[in-house]
Structure formats: C-alpha cells, structure tokens
Amino acid sequence: MARIAYHDADAEAFAATRHLTDDGLTAWRTAVARHLVPRPGMRLLDLGAGTGSWARAFTGWFPGVEVVAVEPSAAMRARCAFAPLVGGDAAHIPLADGSVGGAWLSTVIHHVPDLAAAARELRRVLRPGAPVLIRSAFAGRHEAITLFDYFPEAIRVLDTYPGIADVEAAFAAAGFATAAVEQVPQVTAPSLREAAAGLRREAHTPLQLITDAEYAAGVQRLHEAAQADSGPVIDALDLLVLR
C-alpha cells in the first residue's frame, strides 16, 4: 500500500504541477544516458509511471526504444496520455521474464511496501546486466531540495523513507549491485514565486503527512521568501543505479 492513496485529488494535483520542463529534464537525460545504452527495439520499463511524463521523455530522447509504463493507481492511469500503459505494481509487474532492458523508478521507491519483493520482481523481468535507475529523495538527504527549506517539518516524513543503504541491501539480496549514486540537478521552477503560486499540497507526499498548522506555516515562509528571490528553483535528487 502506498503512503498516500493517489485518488482523484492527488492524481489531479500531481498531473497539474509535478512535470518538469525541457530545461528541468536536461540534466536527467544526460545522467540516464551515462547508465543506459539505448538501442532500437529495447524495452524500457517505467515502473510507477504516474501520468506518463517520464515515459514520454524517454520516448523522445531515445528513438526506437519501446517504453512500457506500469502504474498501480487507477486515478493516475486515467490522467496518463502515454501508451502502452498497464496496471501493476512493484511486486506484480505484468511483463514476461527477461523482457526489458532497463527499469526506471521516479519518486516511487518510498511507496513500495516490500523492497525485497520489488527487487525480486525486477530481477525477474530484467535481462541479465540491465540497470535499475531509481530517481528519488532518500532519507537523510534533504539538503539539496528546496521544498524542505520552507517546510522543515516535512524532513521527519522524508526520514521515514528508505535510505540509499536500505534500497541497496534489499536489492543485493536479489543479486543486484550498486553501479552508481549521483545527485542530479534540475530546474524545478523558473522562480520561487512561480513555485509558490503553483504549489499543491496533494502533489507532495511529505506535505500531505505533516499537520495542517505546519503546512500553513510553510506556505507563509515560502510566499514571504518568494517576494525577494527571483532566480530559478534548482533542486538535486539522487539517482541510484543498480545492476
């Protein structure tokens, strides 16, 4: 069971606010290309694909690669414009054994209740040597994420997420080894003012899981800071690569 339900309100907020622009995606394309060798006919699994923004990006970046999006939430699937899209989750991936050449998980690992089961299932569907690329905010690694500057109470939620070592240990039991860990910068918003204007609590798991008073205090801090800050919002999430 995910940390939040991803019913209609959550899915709608996510679809409206959590997609990166081309500028925001640039560094991720470069990072992915360091660890994935795309070729025509390769199948790439986007696990926990949400509304399909990453699946669309991969399709544009790597012509000839077939991206298969798997998403457990019916509300998310209803808002996804990408195909093929199928229902499924990390413990039940509806793909054949050894049928994909890589797997991408973006901001989903903290919703996986059984990391060991997910690792075994990914090992089943991946070809030998194929990478698992996990984009995430991990426990204990909030410093480069702007959201936590204004909502420091949400750090306690982040710290209930799996840490990098937790994921490594679970996947090692299924035969995976760590190939890389790197922080990847992204332009999350053109300015703090635009980030504040577009903020939707339902789109961010850590904000949903703090109190209403803590959320209100953070919104006030964010809007006050936005009056003086005119630069782009640049965050860095981690990319963990396992093989």
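Trainee: In which helix is His35 found?

Mentor: This is a predicted model, in which local features need pLDDT of at least 70 and side-chain atom pairs count only at pLDDT 80 or more, while totals for chains, interfaces and linings use all residues. Residues are numbered from 1 along each chain as its sequence is written, and side-chain values use heavy atoms, without hydrogens and water. Helices are DSSP runs (H or I, at least four residues) numbered from the N terminus. On that basis, His35 belongs to helix H2.

Trainee: Is His35 buried or exposed?

Mentor: Buried means under 20% relative accessible area and exposed over 50%, with partly exposed in between (1.4 Å probe, protein chains only). The relative accessible area of His35 is 12%, so His35 is buried.

Trainee: At what angle do the axes of H2 and H3 cross?

Mentor: Axes are lines fitted to C-alpha atoms over the stretch in contact, and angles run from 0 to 180 degrees between N-to-C directions. The axes of H2 (residues 22–35) and H3 (residues 53–61) come within 12 Å, and their crossing angle is roughly 65°.

Trainee: Which residues of H3 make the contact with H2?

Mentor: Contact means heavy atoms within 4.5 Å. H2 contributes Leu25, Trp28, Arg29 and Val32, and its partners in H3 are Trp54, Ala57, Phe58 and Trp61.

Note on methods
Helix = DSSP H or I, 4+ residues; strand = E, 2+ residues; numbered from the N terminus.
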